[in-house]
Amino acid sequence: MRRLETYYSVFPWHVNHFGSLHGGIYMSWIIDAGGLLMSALSKGNYLLASVDYIYLIRPARIGDLVRIEATATAAWSSSAEIKVKACIKKGDKEELGALSLMTYVAVDEHNRPRRLVTDISHDEEADKRREARLERKKKDSQDPSDLLEGMSFGKYYVRTIYPEHGFSNGILYAGKMYQMLDEALAIVAKLYTKGNVFTAGAGYADFMTPVRIGDILEIQGAIEYTGTTSLDVGAKVFAINHFTGEKRLVTRTVFSFVAIDEKGDPRPIPKLTPATEKEKRIFEEREKERKSRITLSKELQKIEICE
């Protein structure tokens, strides 16, 4: 199986207080679809290894039916790259709702990589994407320091991970983590802009260590870039063993939000003026990444259509 479709109905408990499908739930459904395909490919347990991007292009609303299509684009010895597209059904037509590219790894009962038996190959472009992920992961793993130090505006989000949040293998389910990330970072964005925001997407994330049931999850979120009506909230995610005090870096990512008024229209926000060398460096990095993300999103929307 190289392709899989799932369907989700948007009910009142899936939407935020201004009527759109909650960004974290949207991302969770996207991760779900990719995971279901990976489960079929690997015939067993798997973990989310990396996210290249998640673009939330168009919101779904109460009563909408969302069709999510997952396609395996490449595979290696224990991992598979999966492209996910969400289409929102409007009568007899569909509109493009979201796009994502993720990598999953097959794992055994001890959550160690295991061999993936598949006839799906990988080309030169896929290998380049894989190398880029490995380089990103190596770079991020070398900086396990806290994010908030030296940042002008940020907040902590802390919670315990319970069995309801995890797989049967004792690991936090990535879809749940993205719901928590969206909630935590949206709070930072709302407090900074003093109003409502909606989630426009998420940048890359490479997972260095799993979060186990019983761990304390700590999300540190900080404003890293501001535009006229939009902003990027960066995050570092840590898993803490409360018995030993050990604190492990799980991943680093960034979520993009758009500030909106009571009518749902974009509204201007305060401009962030970087105050430290660390903040200046991150601001410049985000500005460059942001341009690349916007360019890629536009290119993908030209070729990824819903029937």
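Start your tour by selecting Cys87 and Cys306: a disulfide joins them, with 2.0 Å from S to S. Here a disulfide means a pair of cysteine sulfur atoms within 2.5 Å. Before you go on, note that this is a predicted model, in which local features need pLDDT of at least 70 and side-chain atom pairs count only at pLDDT 80 or more, while totals for chains, interfaces and linings use all residues. Residues are numbered from 1 along each chain as its sequence is written, and side-chain values use heavy atoms, with hydrogens and water left out.

**Stop 1: the disulfide**

Stay with the two cysteines and look along the S-S bond. The torsion about this bond of Cys87 and Cys306 is about -80°, so the disulfide is left-handed. Cys87 lies in strand β4 (residues 79–90) and Cys306 in the segment after α4 (277–303), so the pair ties together parts that are 219 residues apart in sequence. Helices (H or I, at least four residues) and strands (E, at least two) are DSSP runs, numbered from the N terminus. Both Cys87 and Cys306 are buried; buried means under 20% relative accessible area, exposed over 50%, and partly exposed in between, with a 1.4 Å probe and protein chains only. The structure holds one disulfide.

**Stop 2: the whole chain**

Now zoom out. How many helices and strands are there in the protein chain? You can trace four helices and eleven strands. The radius of gyration is 19 Å, close to the 19 Å that the globule rule gives for 307 residues, so the chain is as compact as a globular protein of that length. That radius is taken over C-alpha atoms, and the globule rule is 2.2 Å times the number of residues to the power 0.38. The C-alpha trace spans about 55 × 50 × 40 Å along its principal axes. Of the 307 residues, 52% are buried.

**Stop 3: Arg133**

Select Arg133 in helix α2 (residues 124–141). Is Arg133 buried or exposed? Arg133 counts as buried, because its relative accessibility is 6%. Show its surroundings next: leaving out residues up to four places away in sequence, Arg133 touches Ser50, Asp52, Trp76, Glu81, Leu101, Thr103 and Asp206, where contact means heavy atoms within 4.5 Å. With Thr103, the side chain of Arg133 makes a polar contact of 3.4 Å. A polar contact is a pair of N or O atoms within 3.5 Å; within protein, one must be able to donate a hydrogen and the other to accept it, and residues adjacent in sequence count only if both atoms are side-chain atoms.

**Stop 4: aromatic rings**

Rings of Phe, Tyr and Trp (its six-membered ring) pair if their centres lie within 6.5 Å; planes under 30 degrees apart count as stacked, over 60 as edge-to-face and the rest as tilted. By this rule there are ten aromatic pairs. One of them is Phe153 with Tyr192, edge-to-face at 5.4 Å centre to centre and 70° between the planes. Phe153 sits in the loop between α2 and β6 (154–160) and Tyr192 in helix α3, 39 residues apart, and the pair links these distant parts of the chain. Phe153 is partly exposed at 23% relative accessible area, whereas Tyr192 is buried at 10%. Then select Tyr46, Tyr104, Phe167 and Tyr173, which ring pairs link into a cluster.

**Stop 5: two lysines in loops**

Finish at Lys43, in the loop between α1 (23–42) and β2 (46–56). Its phi is positive, about 55°, although Lys43 is not a glycine. Lys43 is exposed, at 72% relative accessibility. Lys194, in the loop between α3 (174–193) and β7 (196–202), has a positive phi near 55° and is exposed, with a relative accessible area of 73%.
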